Every structure is written in C-alpha cells, then in structure tokens.
Amino acid sequence: MKLAVLGATGGTGLEIVRRAVEQGHSVTAFVRSTERLEPFLGRITVRQGDLLCRDELAEAIRGHEAVLSGFGPRLPISKTDEDLLHRFALTLTSAMLHSGVRRVVVESTAFLFKDSVVPPTYLFGRLFFSGVLADASAMEQVLRTSGLDWTIVRPPKLTDNPYTGKYRVREGHLPRFGFSISRADVADCFIKAVENPATVRKILGASN
C-alpha cells in the first residue's frame, strides 16, 4: 500500500515507518524535521511541513491509500499543547476530505476505556492525566463524526522494548491485564489494521 505516516519522528511513528518498510509498503513521512529519519533515507519519501496546516497536509497525503498517525504532544505537555490532538484531528479530517484520502489509523490512549478494571485505566487517567484524556477524547470524537474510514488504536503504557508479535488486540476493550505494550508492537498493530477492512470504524485495545 501507499502509506502516509504522520508523527513519523516520534517513538511510535518511527516504529510505524520501520514496520511499514519491512512489510514492503511505500511510505511517505510528513514531518517538520527530518533528522531522526536519516536511517530510512533512500527507502522512504520525506516531505517537510506543518501538520496543523490543512493545505500542506492535504498536499502531502494526496494520492496515498491510507494515513497512519502516531502523532501526539511531547511530554510533559505544555499549556499551548493542551488541545493539540483536537486541533490536529480537525486539520487531519479536513485535509483528508479535501485530498480524497479516506482511510486513517490513529493512535489514542487506553485511558478512554471506561470499562477497564484491571488495569483501571479510565480512573487512573481522570486522576493523573485528565488533560490527556480530555484532548484524546475530543480527537476521537472528531474522527468518529468525520465520515472517514477510521480505526483508533488505544494502547496503555508504551515501552521501547523490541518487537515481539505476541501482543493482544480486543475490539472495543483493553485486553485484561493490559498494562503496557512496546511501540514496535503498536506499529505492527497499525499495519495489520490498515490492511484489514474489518477494522474500519473500530476502536482497538492493544497490549502485551
């Protein structure tokens, strides 16, 4: 597939690029800075621009079959980035509708699983990460009402452990005892989701 990757220089984004290339997909990374993508130069297309500019984003993704986004705010989250995911979602959906690209897979957070008891993700999110929870929820709402062919992946704590391929995925729920998952395994979940039409307009919980 011809894939556009957003947030490609972040922890998850780099793994999405790596996994997509390994699986033989054609990758365009749309980024502000290219430094962290140097190991992939010659194997991917790199375009520079502003993810929050609709026209630049629309031009970058035009002609692609799908968009994969590992985009998110840097931690700790600054006051100016408190609604970053919401603003990004508004720009992304508008750019996709403008460019004619319909398929998108986006990384969100397991904090939004209200029925998760072990671990108690929603309670933990409300107590300690209420801003993240609110912003991610607003992002998801924009996607769900966009009319696009979206898939939302909600991982719990992300680690830099290597790829295992042994992670678990549940539709609409976080797997029981799903406390963490490696970014490499999240990337693999993204690739499998974008290849599988059955995941369209579904929320997936993924954990090791």
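Contacts between residues 24 or more positions apart make up 69% of the protein's contacts with a separation of 6 or more. This is a predicted model. The protein has six helices and 10 strands. Its radius of gyration is 16 Å, close to the 17 Å that the globule rule gives for 208 residues, so the protein is as compact as a globular protein of that length.

**Size and surface**

- The C-alpha trace of the protein spans about 45 × 35 × 35 Å along its principal axes.
- Of the 208 residues in the protein, 49% are buried.
- The protein exposes about 10000 Å².

**Charge**

- The protein carries 27 positive and 22 negative side chains.
- The centres of these two sets lie 5 Å apart.

**A look at lysine 202**

- Lysine 202 sits in strand β10, which covers residues 202–207.
- Lysine 202 has a relative accessible area of 25%. Buried means under 20% and exposed means over 50%, so lysine 202 counts as partly exposed.
- Leaving aside neighbours within four places in sequence, lysine 202 is in contact with Trp150, Thr151, Ile152 and Glu171.
- A polar atom of the lysine 202 side chain lies 3.1 Å from the backbone oxygen of alanine 198.
- Lysine 166 is 36 residues from lysine 202 along the chain, and the C-alpha atoms of the two are separated by 21 Å.

Definitions and conventions:
Residues are numbered from 1 along each chain as its sequence is written. This is a predicted model: local features need pLDDT of at least 70, side-chain atom pairs count only at pLDDT 80 or more; totals for chains, interfaces and linings use all residues. Side-chain values use heavy atoms; hydrogens and water are left out. Helices (H or I, at least four residues) and strands (E, at least two) are DSSP runs, numbered from the N terminus. The radius of gyration is taken over C-alpha atoms; the globule rule is 2.2 Å times the number of residues to the power 0.38. Buried means under 20% relative accessible area, exposed over 50%, partly exposed in between (1.4 Å probe, protein chains only). Contact means heavy atoms within 4.5 Å. Accessible areas come from the Shrake-Rupley method with a 1.4 Å probe; for residues, only the protein chains shown count as cover. Lys and Arg count as positive and Asp and Glu as negative; His and the chain ends are not counted. The place of a charge is taken as NZ of Lys, CZ of Arg, CG of Asp or CD of Glu. A polar contact is a pair of N or O atoms within 3.5 Å; within protein, one must be able to donate a hydrogen and the other to accept it, and residues adjacent in sequence count only if both atoms are side-chain atoms.
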